[in-house]
Amino acid sequence: ACKKDVNKPGLVDAYVPVYGNLATIKTFSQLPSRPIINGGKIAVIGQYLFQVEDGSGIHVINISDPAAPQKISFLNIPLCHEVTLKGNYLYTNNADDLLVLNFSNINSISLSSRLSNAFPNMELQYPPQTGVYFECPDPASGPVIGWELKPVNNPTCKR
């Protein structure tokens, strides 16, 4: 929860929301593999491992040779945090939408369906850290797609 800070902290490092627009956030594409920077949850089925790159997508990795895993591609899915698998289908979130991806052709993964607003509380309303100052998001500025740490004079909120 956000608490309005009645004591003015002065100039401090605080998190500032980064805004995006829905047209660019609600997208899916398969790209060449890339380094894992902020690895998250994993799911395995058969010879494939899918690892969430928290907030930006999913890495597709061939683990048929466990001693030498091979990255295949990266699924660019903004604000992705979840992954689960069943059969040839991968289920994940894209912001507040549920995506169902068909990976029967691992080199050409396709969007099977999208259920809008399946996760209405997945927006980044607060920075991921607690005990920090931040500027409260302005819903009129668009959806929050991330947070940046910057010097802020008298930030409005603390978490």
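1. Contact here means heavy atoms within 4.5 Å. By that criterion, and leaving aside residues up to four places away in sequence, Val152 touches Gly10, Leu11, Val12, Ala14, Val16 and Glu135. Val152 sits in strand β13 (residues 144–153); helices (H or I, at least four residues) and strands (E, at least two) are DSSP runs, numbered from the N terminus. Val152 is buried, at 6% relative accessibility, where buried means under 20% relative accessible area, exposed over 50%, and partly exposed in between (1.4 Å probe, protein chains only). Ala118 is 34 residues from Val152 in sequence, and the C-alpha atoms of the two are 35 Å apart.

2. On the basis of the values: this is a predicted model, in which local features need pLDDT of at least 70 and side-chain atom pairs count only at pLDDT 80 or more, while totals for chains, interfaces and linings use all residues. Residues are numbered from 1 along each chain as its sequence is written, and side-chain values use heavy atoms, with hydrogens and water left out.

3. The sheet. An open sheet is formed by 5 strands in the order β3-β7-β6-β5-β4, with antiparallel pairing; two strands pair if DSSP finds at least two bridges between them. At the edges are β3 (29–32) and β4 (39–45), each of which pairs on one side only. From one strand to the next the twist averages 25°, with axes taken as lines fitted to C-alpha atoms (for helices over the stretch in contact) and angles running from 0 to 180 degrees between N-to-C directions.

4. Within this sheet, β6 (residues 57–62) and β7 (residues 70–76) are joined in the antiparallel sense over 6 bridges. Val60 has Ser73 in β7 as its bridge partner.

5. Salt bridges. The whole structure contains 5 salt bridges, each defined as a side-chain nitrogen of Lys or Arg within 4 Å of a carboxyl oxygen of Asp or Glu. One of them joins Asp96 and Lys26, at 2.7 Å from N to O. Asp96 is in the loop between β9 (89–94) and β10 (97–102) and Lys26 in the loop between α1 (22–25) and β3, so this pair ties together parts that are 70 residues apart in sequence. Asp96 is buried at 13% relative accessibility, whereas Lys26 is partly exposed at 26%.

6. Lys26 also forms a salt bridge with Asp97, with the closest N and O atoms 3.0 Å apart. Here too the pair links distant parts of the chain, 71 residues apart: Asp97 belongs to strand β10, and Lys26 to the loop between α1 and β3. Asp97 is buried, with a relative accessible area of 1%. Lys26, Asp96, Asp97 and Arg114 are linked in a network of salt bridges.

7. A further salt bridge is formed by the side chains of Lys150 and Glu148, at 3.2 Å from N to O. Lys150 is partly exposed, with a relative accessible area of 37%; Glu148 is partly exposed at 38%.

8. Cysteines. The search of the whole structure finds 1 disulfide, the criterion being a pair of cysteine sulfur atoms within 2.5 Å. Cys136 and Cys157 are the residues joined, with an S to S distance of 1.6 Å. The link is left-handed, with -55° about the S-S bond. Cys136 is partly exposed at 25% relative accessible area, while Cys157 is buried at 0%. Cys80 is buried, with a relative accessible area of 0%.
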